[in-house]
Amino acid sequence: MDRKAQVARRRNELELVESWYGLDGQMITLAHLVEDDDTTLVALRGDPDAADLQVIGHYAHEHQARKALPAPAPPGVLRSNVSRFNRPVLTIEVPLQELIRDVTEGHTAADASEALLSAVRCGYIAGPMVRLPELLRTSGQFASALETVQGRQVAARLSALSRQIEFLTHEVEAVAEDLGTTAAVLPPHRTPVPRNPPRPPVGTMPPAPPPRSSTSVRHR
């Protein structure tokens, strides 16, 4: 591996700019190599976190580098049968804001319990806490598919987070069921506060405004 690349890896002096795959299948990355007060734009071949990383060029600016380096190949997709041009039909989902509103406008423990259960509901109308682990797992698959050292590390972290969210989902479900069994209601002194002041009864006159103080101006 190039000496400058070794220094950069040891001191974390590489500021990555952009990566792409050339037509030959090799990964190319533009990065700023910072040493002391000097910054150099370098092109790297291979995974920036791998041991076989190579510095293949030094450039004055990014435009010069892109003209000299191999042209990028079209990027791939995570799943060949799904892309932004071929999206599956989305399932119905209850927005989290709607569930929060159901709790703030509720009167009984059952109202709050139902909102919590909706957040963890599985099936066709899945709740947001069920969708979140799915997002983490899919993002982990994406990170792993990058086939880089850092991508694999991120994938492992996302997998651990997904398991934690799944554990919390079961806890929320248990708490929601416990709340629903209380059969409690909010006390009557918690009356709603109107947003607008009450209107005066029909046929009454509004209060007269206070008299305006008049000041005489003396003209000379």
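Me: In which loop is Glu-105 found?

Reply: This is a predicted model, and in it Glu-105 is found in the loop between α3, which spans 96–104, and α4, which spans 109–119.

Me: Is Glu-105 buried or exposed?

Reply: A residue is called exposed when its relative accessible area is over 50%. Glu-105 has a relative accessible area of 53%, and therefore counts as exposed.

Me: Which residues gather with Glu-105 in a patch of negative charge?

Reply: For a charged patch, one looks for like charges joined within 9 Å, on residues that have over 30% relative accessible area and no salt bridge. Here Glu-98, Asp-102 and Asp-111 gather with Glu-105 in such a patch of negative charge on the surface.

Me: Which residues form a nonpolar patch on the surface, and how much accessible area do they have together?

Reply: Leu-78, Phe-142 and Leu-146 form the nonpolar patch, and together they have about 260 Å² of accessible area. Leu-78 is placed in the loop between α2 (62–68) and α3, and because its relative accessibility is 33%, Leu-78 counts as partly exposed.

Me: Where is the place of Val-77, and what separation do the C-alpha atoms of Val-77 and Phe-142 have?

Reply: Val-77 also has its place in the loop between α2 and α3, and with a relative accessibility of 54% Val-77 counts as exposed. Although Val-77 and Phe-142 are 65 residues apart along the chain, their C-alpha atoms are separated by 8.8 Å.

Me: Turning to the interior, which residues of α4 are buried, and what covers them?

Reply: Buried means under 20% relative accessible area. In α4 the buried residues are Ala-109, Ala-112, Ser-113, Ala-115, Ser-118 and Ala-119, and their cover includes α3, α5 (128–145) and α6 (149–180).

Me: What pattern does the protein chain follow along the sequence, and how many helices and strands does the chain have?

Reply: The chain has six helices and four strands, and read along the sequence these follow the pattern α-β-β-β-β-α-α-α-α-α.

Me: What share of the protein chain is buried, and what does its accessible surface come to?

Reply: Of the 220 residues in the chain, 24% are buried, while the accessible surface comes to about 16900 Å², with 56% of that belonging to carbon and sulfur atoms. Among contacts between residues at least 6 apart in sequence, 48% join residues at least 24 apart.

Notes:
Residues are numbered from 1 along each chain as its sequence is written. This is a predicted model: local features need pLDDT of at least 70, side-chain atom pairs count only at pLDDT 80 or more; totals for chains, interfaces and linings use all residues. Side-chain values use heavy atoms; hydrogens and water are left out. Patches are made of residues with over 30% relative accessible area and no salt bridge: like charges are joined within 9 Å, nonpolar side chains (Val, Leu, Ile, Met, Phe, Trp, Tyr) within 5 Å. Accessible areas come from the Shrake-Rupley method with a 1.4 Å probe; for residues, only the protein chains shown count as cover. A salt bridge is a side-chain nitrogen of Lys or Arg within 4 Å of a carboxyl oxygen of Asp or Glu. Lys and Arg count as positive and Asp and Glu as negative; His and the chain ends are not counted. The place of a charge is taken as NZ of Lys, CZ of Arg, CG of Asp or CD of Glu. Helices (H or I, at least four residues) and strands (E, at least two) are DSSP runs, numbered from the N terminus. Buried means under 20% relative accessible area, exposed over 50%, partly exposed in between (1.4 Å probe, protein chains only). Contact means heavy atoms within 4.5 Å.
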